[in-house]
Amino acid sequence: MVEPLNLSLKQMRAIQWVARYSSFMAASVEMRMSQPGISRLIRSAEEELGVELFHRSTRQVLMTHAGLQFLPVIDRILAEFDRAAGELPQLRHHQGHVTVACPLSIAHRMLAEIVARYRRRNPEVTIEIREALKSEVINQIRFGVVDFGLASFMEMDDDLAIDRLCELSYYVVVPHTHAFAGRKNVSLAELKGQPLISLPPSSIVRRIFDGAAAREGFGLRHAVTVNSPVSIFSLVENGVGVAIVNGAGVRSHDSKNIAAIRLSPPRITSSISVVRLKNRMLSPAASSFLEEVTAFFREQVLA
């Protein structure tokens with residue numbers, strides 16, 4: 001059985017400051033300790049880990065390969081500790097800070113409704129919303145930048161806790177004057193030759209529908225490519241083309257100038273999930289906001 005490591009916060013802070021300044025003297029000033037005291041902390045940490053973390057010379061101090069690998073772990077641990085410690089005095093007054101990452105289509109209207117509802121009951125909690133495409137949302141979750149995120153098309157992951165909230169169907173969004181407007185359904189085959197407003201080729205949604213069209217023996221015509229779902233709706237409203245979007249996007253961009261028709265056949269669905277690091281303990285503020293998000297989406301009919 002492997003013995004657990006026993007590094008103190010002071011040892012980790014010494015490693016962090018020496019790495020930041022490449023100097024034992026600068027780290028000693030930052031930590032208000034003697035330079036020999038910093039050296040002892042680093043040496044004892046290296047003995048505990050069984051590896052050298054720094055190359056030392058009379059001119060400079062540089063991190064070893066092992067040190068560079070270990071430093072992000074120390075940064076994350078200390079950031080988590082500092083955040084939790086900073087929130088302790090706030091618990092009595094129901095204060096705190098929550099950081100959430102989510103796709104632009106959700107942030108545009110639905111998350112705004114959630115935040116407004118939550119803030120009416122928790123006015124002292126500050127909320128930071130980071131809007132991004134799915135890949136960046138997942139990166140921010142993995143690196144501990146956010147408390148949790150919202151995403152679709154999530155597969156099982158050893159590091160992430162994934163809680164499905166609701167299922168989404170897909171719709172064809174067209175100008176209100178389009179021939180499809182007023183219909184209940186549009187098949188994928190009927191989109192052959194239609195100018196599409198689409199997300200980049202790397203988008204999961206685009207890959208799914210390109211593949212579905214290819215299986216039926218034709219290709220979709222991607223006339224305009226954009227990076228933001230908000231731009232998709234603006235272009236559709238201006239008659240540039242049509243678009244395939246999910247129910248969350250339709251819910252977020254309701255407009256009298258466009259019509260949304262269910263795409264079927266084929267019927268393809270996805271889901272919105274809450275995603276967070278399995279080993280990340282949420283603050284009381286983040287936990288209560290997550291409860292609000294969960295309740296909101298489970299009330300919605302987006303399919």
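How are α1 and α3 oriented to each other: roughly parallel or roughly perpendicular? The model examined here is predicted.

## Packing of α1 and α3

Two packed helices are described by the angle between their axes and the distance between the axes. Helix α1 covers residues 9-21, and helix α3 covers residues 35-49. They pack at an angle of about 105°. Their axes are 9 Å apart. Angles of 65 to 115 degrees count as roughly perpendicular, so α1 and α3 are roughly perpendicular to each other.

Which residues of α1 and α3 meet? From α1 come Lys10, Gln11, Ala14, Ile15 and Val18. From α3 come Ile38, Leu41, Ile42, Ser44 and Ala45. By class, this contact of α1 with α3 has 7 nonpolar, 2 polar and 1 charged residues.

## The buried face of α7

Helix α7 spans residues 134-142. Val137, Ile138, Gln140 and Ile141 are buried in this helix. Seen down the axis of α7, its buried residues fall within an arc of 160°, so they line one face of the helix. An α-helix has 3.6 residues a turn, so residues three or four places apart point the same way.

What covers the buried residues of α7? The cover includes strands from several parts of the chain: β3 (96-102), β4 (125-131), β5 (148-152), β6 (160-168) and β13 (270-277). After α7 comes Gly144. The phi of Gly144 is positive, near 70°.

## Asn246 in strand β11

Asn246 lies in β11, a strand of residues 243-246. Is Asn246 buried or exposed? Asn246 is buried, because its relative accessible area is 15% and the cut-off for buried is under 20%.

Leaving aside residues up to four places away in sequence, Asn246 touches Leu168, Ser169, Tyr170 and Tyr171.

A disulfide is a covalent bond between the sulfur atoms of two cysteines. How many disulfides does a search of the whole structure find? The search finds 0.

A disulfide needs the sulfur atoms within 2.5 Å. Seen from Cys166, the closest cysteine sulfur is that of Cys102, again at 13 Å and too far for a bond.

Both cysteines are buried. Cys102 has a relative accessible area of 0%. For Cys166, the value is 14%.

Note on methods. Residues numbered from 1 in each chain as written. Predicted model: local features only at pLDDT ≥ 70, side-chain atom pairs only at ≥ 80, totals over all residues. Heavy atoms only, no water. Buried < 20%, exposed > 50% of the residue type's maximum accessible area, 1.4 Å probe, protein only. Helix = DSSP H or I, 4+ residues; strand = E, 2+ residues; numbered from the N terminus. Arc of directions from axis to C-beta. Contact = heavy atoms within 4.5 Å. Axes fitted to C-alpha atoms, helices over the stretch in contact; angles between N-to-C directions. Parallel < 35°, antiparallel > 145°, perpendicular 65-115°, else oblique. Nonpolar A, V, L, I, M, F, W, Y, C, P; charged D, E, K, R; others polar.
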